Amino acid sequence: MTRTITYDQLTELEGTDLGPGDYRTVTQDQVNLFADATDDHQWIHVDPERARTGPFGAPIAHGFLTLALAIPLWTELLEVKGVSTKVNYGLDRVRFPAPVTVGSRVRMRATIAEVAEIPGGYQLTVDQTIEVEGAAKPAVVARGLYRFYA
């Protein structure tokens, strides 16, 4: 469920657990499009027949594709009204503990670790975990940095 706040309420978010978002399915079409965009056509991603006999029993999403899903998954968790712009400033401590097989469903859990004032706005440091439905380990663990400007 999306939490909606105003720009003026950003400073109150530090320590807030935004809970899990909704699941979304990772498709072979997404994987293929990502492979085309990044010129990474390794068989483990784009050859479902061969991947079935590979180490994961199915094709897997690129780790960076799963990481790229952080943006839509994050925006499902928090909406900030009254901003002129918002910027994905970067990431810290990114890890890919487990693969995402095609057809899996993923969602994000996020906690606001820090809210810091920056010139013209605020920077949120967000501990993010992208979970795979039914998996023991997450697919991505990262610390996202997002900037909001009035």
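Predicted model: local features only at pLDDT ≥ 70, side-chain atom pairs only at ≥ 80, totals over all residues.

Biologist: OK, and which residues have the most contacts inside the largest nonpolar core?

Modeller: L10 again, along with W74 and L124. That core has 34 residues.

Biologist: Which elements each supply at least two residues of this core?

Modeller: On the helix side, α1 (28-38), α4 (63-68) and α5 (70-75). On the strand side, β4 (78-81), β6, β7 (121-132) and β8 (140-149). As a general point, nonpolar side chains in soluble globular proteins tend to be buried together.

Biologist: Switching to rings. How many aromatic pairs does a search of the whole structure find?

Modeller: Three. One of them is Y7 with Y122: the ring centres are 5.4 Å apart and the planes sit at 50°, so this pair is tilted.

Biologist: Where do Y7 and Y122 lie?

Modeller: Y7 is in the loop between β1 (3-6) and β2 (17-20), while Y122 is in strand β7, so the pair links parts 115 residues apart in sequence. Both Y7 and Y122 are buried.

Biologist: What about F64 and F96, how far apart are their ring centres?

Modeller: 5.5 Å, with the planes at 75°, so that pair is edge-to-face. F64 belongs to helix α4 and F96 to the loop between β5 (85-95) and β6, so here the parts tied together are 32 residues apart in sequence.

Biologist: Is F64 buried or exposed?

Modeller: Exposed, because its relative accessibility is 56% and the cut-off is over 50%. F96 has a relative accessible area of 36%, so F96 counts as partly exposed.

Biologist: And what lies over the face of Y89?

Modeller: R147, at 3.5 Å from the ring centre.

Biologist: Another arginine, then: where is R107?

Modeller: In strand β6, which covers residues 105-118.

Biologist: Why does R107 count as buried?

Modeller: Because its relative accessible area is 17%, and buried means under 20%.

Biologist: Which side chains does the side chain of R107 make polar contacts with?

Modeller: There's one with the side chain of E131 at 2.7 Å, and one with the side chain of Y23 at 3.3 Å.

Biologist: What else is R107 in contact with?

Modeller: Setting aside neighbours within four places in sequence, the list also includes P20, G21, D22, L73, T129 and I130.

Key: Residues numbered from 1 in each chain as written. Heavy atoms only, no water. Helix = DSSP H or I, 4+ residues; strand = E, 2+ residues; numbered from the N terminus. Buried < 20%, exposed > 50% of the residue type's maximum accessible area, 1.4 Å probe, protein only. Polar contact = N/O pair within 3.5 Å; in protein donor to acceptor, adjacent residues only side chain to side chain. Contact = heavy atoms within 4.5 Å. Core = buried A, V, L, I, M, F, W, Y, C linked by side-chain atoms within 4.5 Å. Phe/Tyr/Trp six-rings, centres within 6.5 Å; stacked < 30°, edge-to-face > 60°. Lys NZ or Arg CZ within 6 Å of the ring centre and 35° of its normal.
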